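I opened a new notebook page for this structure. I want to go from the whole chain down to single residues.

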Amino acid sequence: MIRECLMFLRKRNAFLLVSDVAHESIPSDDHLLDKLNAEEIFRMITQLPLGYRTVFNLHAVEGMGHKEIAELLGITEGTSKSQLFKARQLLQKMLIQQNEEYANRKIN
């Protein structure tokens, strides 16, 4: 099912992919995420651009590695890492806009 959906998106050339950049992790405070309900998290994920959302879902929800994602989408591993990084950045910005406590925390 996942492969069929990805094939459909690939045929429509619907992915917003960017050039390769190094993957960096974003610090997080998991206890703040506990305050969000599933509907709020889902809404934020659906607001991501298609390319970011696809890689984020394949990695975070489906548990796929970057090599597998790259093969499925016909992209490089670096692009997969970049898309995940940018998806996380955008989700973090959404969290900051929604949650004052998250916005006030220190990022190391």
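My entries follow in the order in which I looked things up.

**Entry 1: the whole chain**

I note before anything else that this is a predicted model. I looked up the secondary structure and found seven helices and zero strands. Read along the sequence, that gives the pattern α-α-α-α-α-α-α. I then checked burial: of the 108 residues, 32% count as buried. The accessible surface of the chain comes to about 7,100 Å². Carbon and sulfur atoms account for 52% of that surface. I also looked at how far apart in sequence the contacts reach. I took contacts between residues at least 6 apart in sequence, and 73% of them join residues at least 24 apart.

**Entry 2: helix H6**

I turned to helix H6, residues 77–98. I listed the buried residues of H6 next. Among them are Thr79, Ser80, Ser82, Gln83 and Leu84. Further along, Ala87, Leu91, Met94 and Leu95 are buried too.

**Entry 3: the nonpolar core**

I looked for the largest nonpolar core and found that it has 18 residues. Leu48, Phe56, Ile69, Leu73 and Leu91 have the most contacts inside this core. Which elements give it two or more residues? They are helix H3 (38–46), helix H4 (50–61), helix H5 (66–73) and H6. H6 gives the most, with five residues.

I followed Leu48 from there. Leaving aside neighbours within four places in sequence, I find Leu48 in contact with Arg53, Phe56, Ala87, Leu90, Leu91 and Met94.

**Entry 4: H5 against H6**

I checked how H5 and H6 pack. Their angle is about 105°, and their axes are 8 Å apart. The two helices are therefore roughly perpendicular to each other. I also noted which residues meet. From H5 they are His66, Lys67, Ile69 and Ala70. On the H6 side they are Glu77, Ser80, Lys81 and Leu84.

**Entry 5: Ile69**

I picked Ile69, which is found in helix H5. Is Ile69 buried or exposed? Its relative accessible area is 0%, so I count Ile69 as buried. Not counting residues up to four places away in sequence, Ile69 touches Val55, Leu58, His59, Met64 and Ser80. I also looked at Ile69 and Phe56, which are 13 residues apart along the chain. Their C-alpha atoms are separated by 10.0 Å.

**Entry 6: Arg53**

Arg53 has 22% relative accessibility, so it counts as partly exposed; buried would need a value under 20%. Arg53 touches Ile45, Thr46 and Leu48, residues up to four places away in sequence not being counted. Arg53 and Ala87 are 34 residues apart in sequence, yet 6.8 Å apart in space, C-alpha to C-alpha.

Conventions: Residues numbered from 1 in each chain as written. Predicted model: local features only at pLDDT ≥ 70, side-chain atom pairs only at ≥ 80, totals over all residues. Heavy atoms only, no water. Helix = DSSP H or I, 4+ residues; strand = E, 2+ residues; numbered from the N terminus. Expected span 1.5 Å × (residues − 1). Buried < 20%, exposed > 50% of the residue type's maximum accessible area, 1.4 Å probe, protein only. Contact = heavy atoms within 4.5 Å. Areas by Shrake-Rupley, 256 points an atom, 1.4 Å probe, with all protein chains shown as cover. Core = buried A, V, L, I, M, F, W, Y, C linked by side-chain atoms within 4.5 Å. Axes fitted to C-alpha atoms, helices over the stretch in contact; angles between N-to-C directions. Parallel < 35°, antiparallel > 145°, perpendicular 65-115°, else oblique.
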